[in-house]
Amino acid sequence: MDSHDHKPEENKSRSAASIVSGRQPDTKSSLPFADMRPQAFAQRKLQETAAAGQLEKKTAQLQTIAQSYTGNIQQKRPVFPLQAKPVPAETSVLSGQKTDFNETSSAHGPRQQKGDADTIQRKIGFEFEYSNWQTAEAPAKHFAAATSTVPYANSNSPHWNKIPKGQTLVRGDGFELQADDDPNDASKSDLEIVTDAFDETVSGRGQIRNAMHAIQATLGHISNNFNNWWTAGHLPRAIDIPGTTVRSRSFLYALMPHWNAKPQTTIGLSLDKIADLLEDLFAVALETGAEATARRQGRMELTGWDPNAIAAGPILQVQGRAPTQARLAIVNYLINNPAAPPQSPELVGLLSLIIAYLRMADQALVRSYAKTIAPVMARTDFGALFKMLSPVEQNWYKANDGQPFFDLVRSATWLAGMAHGDEVFSQGVQNPVLGVGQAQGLTRGKWITGIAKGTDYLTGRKFPDKAQRKDIEGLGAYGKKTDKITLPGGLSKQAAILELRSMPVTSLANIADVADRIWLYTYLANRGGNDKYGQVQAQF
């Protein structure tokens, strides 16, 4: 949800989780993706404006095209005369079990138009990572040969050049095909699809559906024409792909012939709804049967965890139980400081994220990269989130050089006995990727009191050890940028920009439905609703 002008560079990292079961994903999803969208509402609202009417017509056209392609992808797999490299198994951070795909994170968020320096109007965006498809570019004099058959159609060709991270190959309708760093080989780049940042409005919802259907159609076009292109003597080139060609000498090649994506989504969420988000998506200690049923689809689609099939792993428990720890921390603090401001949902939300980060570190659950400390990552830095608290709360907790805020955080039973000099990453980074450090040098006292004073040191801009800042980038990378939520009566308030990093691999056929459910969940939450993901009725 950042603009290109403020796009931070960071190493591609392992995501917090993908498939909790640890099974290799099939090309067809076994999850129950029922269409639960309130169609009558959508149609009524879309007809209110001419633009919305055009979106509806365009969506129908793209849906038809997408269905014609995605329906054939499984039956018409192209023959790939390329030598596939084995993808090393990685450990799923949520389950601790093995997965056979690369869990990676983007260096940037959805494409964002220029706007206010510190405020972004409600935006939702998506990224889809395809590490099985690689990208390359050839110099003009070698382009024809570099995209054809032997001897150039292999990943060791001297005329296949890596495309820099974030560079666009093709611009589609609401999305871009971009290059991203290959996590297995620093000399190569793979494929990522990054959508525009869409308004959290009814018309924005239609634009999201448009973009998803356009992505389905585009990727289906590549699959259905791959054999023809190969027979004609070349790999899929940017000039062969529908849309606006940006890098005309770029092309794709496949290690594995499928379009199963590792998605991430960036949303703007009101600070008082963060605790609800964590409890809805992750494992809580106590919930009713009705709550568990209502939350099940969101947990499956946004964390890969089916509570009916597998017990919750430690990360699921840390994330889901952090809000309870936050509430208890406030109660414990108020016992010793009765004049302190009473508990507020905003303070619970902020504390929940901080406690979740620190508990992840204490339990040695930060793996491969420092950024895996955050399955739900605050892209707005914590200093800016602190300023979303009420003036009374801010004044109380920033007094005495931020010591009251430190005392509040360590009032959580998980953090009892925490000292100023303790490292944020108390157990370092487990099994770090080659070249990644242990993220040492930031104490908890400096981080927490800094937050209360408006500075987040757990970011790529402020981390004390400059040599490690590249490993930290992504955390709080949007700085002071916040989302903006419009309330009834013309009022508005700021909201946190969050990245959901624990989504499982999703098939091409399902991306439109999942994206729509994320939009609806966020839309309702920001307007005071308590509807669970996927359980929404046509209530508009």
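Here is a friendly set of questions and answers about this predicted model.

Reader: Where do the numbers come from, and which parts of the predicted model count?

Author: Residues are numbered from 1 along each chain as its sequence is written, and side-chain values use heavy atoms, with hydrogens and water left out. In this predicted model, totals for chains, interfaces and linings use all residues, side-chain atom pairs count only at pLDDT 80 or more, and local features need pLDDT of at least 70.

Reader: How many helices and strands does the protein chain have?

Author: Helices (H or I, at least four residues) and strands (E, at least two) are DSSP runs, numbered from the N terminus. By that reading, the secondary structure of the protein chain comes to 14 helices and 14 strands.

Reader: What share of the residues of the protein chain count as buried?

Author: Buried means under 20% relative accessible area, exposed means over 50%, and partly exposed is in between, with a 1.4 Å probe and protein chains only. The protein chain has 540 residues, and the share that counts as buried is 60%.

Reader: Among contacts between residues at least 6 apart in sequence, what share join residues at least 24 apart?

Author: Contact means heavy atoms within 4.5 Å. Among contacts in the protein chain between residues at least 6 apart, the share that joins residues at least 24 apart is 74%.

Reader: Are H4 and H14 roughly parallel or roughly antiparallel to each other?

Author: Helix H4 (residues 202–231) and helix H14 (residues 511–525) pack with their axes 9 Å apart, at an angle of about 160 degrees. Axes are lines fitted to C-alpha atoms, for helices over the stretch in contact, and angles run from 0 to 180 degrees between N-to-C directions. Angles under 35 degrees count as roughly parallel, over 145 as roughly antiparallel, 65 to 115 as roughly perpendicular and the rest as oblique. H4 and H14 are therefore roughly antiparallel.

Reader: How many nonpolar residues are in the contact of H4 with H14?

Author: From H4, the residues that meet H14 include Ile-208, Met-212 and Ile-215, and their partners in H14 include Ala-515, Trp-519 and Leu-520. Ala, Val, Leu, Ile, Met, Phe, Trp, Tyr, Cys and Pro count as nonpolar, Asp, Glu, Lys and Arg as charged, and the others, Gly among them, as polar. The contact of H4 with H14 holds 3 charged and 2 polar residues, and the nonpolar ones number 9.

Reader: Which residues of H12 meet H8?

Author: Helix H8 (residues 345–362) and H12 pack at an angle of about 170 degrees, with axes 13 Å apart. That makes H8 roughly antiparallel to H12. By class, their contact has 7 nonpolar, no polar and 2 charged residues. Ile-354, Tyr-357, Leu-358, Ala-361 and Asp-362 in H8 meet these residues of H12: Arg-444, Trp-447, Ile-448 and Ile-451.

Reader: Is Phe-405 buried or exposed?

Author: Phe-405 is found in helix H11 (residues 403–409). Leaving aside neighbours within four places in sequence, Phe-405 is in contact with residues including Leu-350, Ile-354, Ile-448 and Ile-451. Phe-405 has 0% relative accessibility, so it counts as buried.

Reader: How far apart in space are Gly-445 and Ala-419, C-alpha to C-alpha?

Author: Gly-445 has its place in helix H12 (residues 444–452), and at 4% relative accessibility it counts as buried. Beyond its neighbours within four places in sequence, Gly-445 is in contact with Phe-406, His-420 and Gly-450. Gly-445 and Ala-419 are 26 residues apart in sequence, while their C-alpha to C-alpha distance in space is 7.1 Å.

Reader: Which residue is the bridge partner of Ile-267 in E14?

Author: Strand E11 (residues 262–269) is mostly covered, with 8 of its 8 residues buried. Two strands pair if DSSP finds at least two bridges between them. E11 pairs with strand E4 (residues 123–137) in the antiparallel sense over 5 bridges, and 5 bridges also join E11 to strand E14 (residues 492–500), again antiparallel. In E14, the bridge partner of Ile-267 is Leu-498.

Reader: What is the phi of Ala-364?

Author: Most residues other than glycine have a negative phi. Ala-364 lies in the loop between H8 and strand E12 (376–378), and at 25% relative accessibility it counts as partly exposed. Although Ala-364 is not a glycine, its phi is positive, at about 55 degrees.
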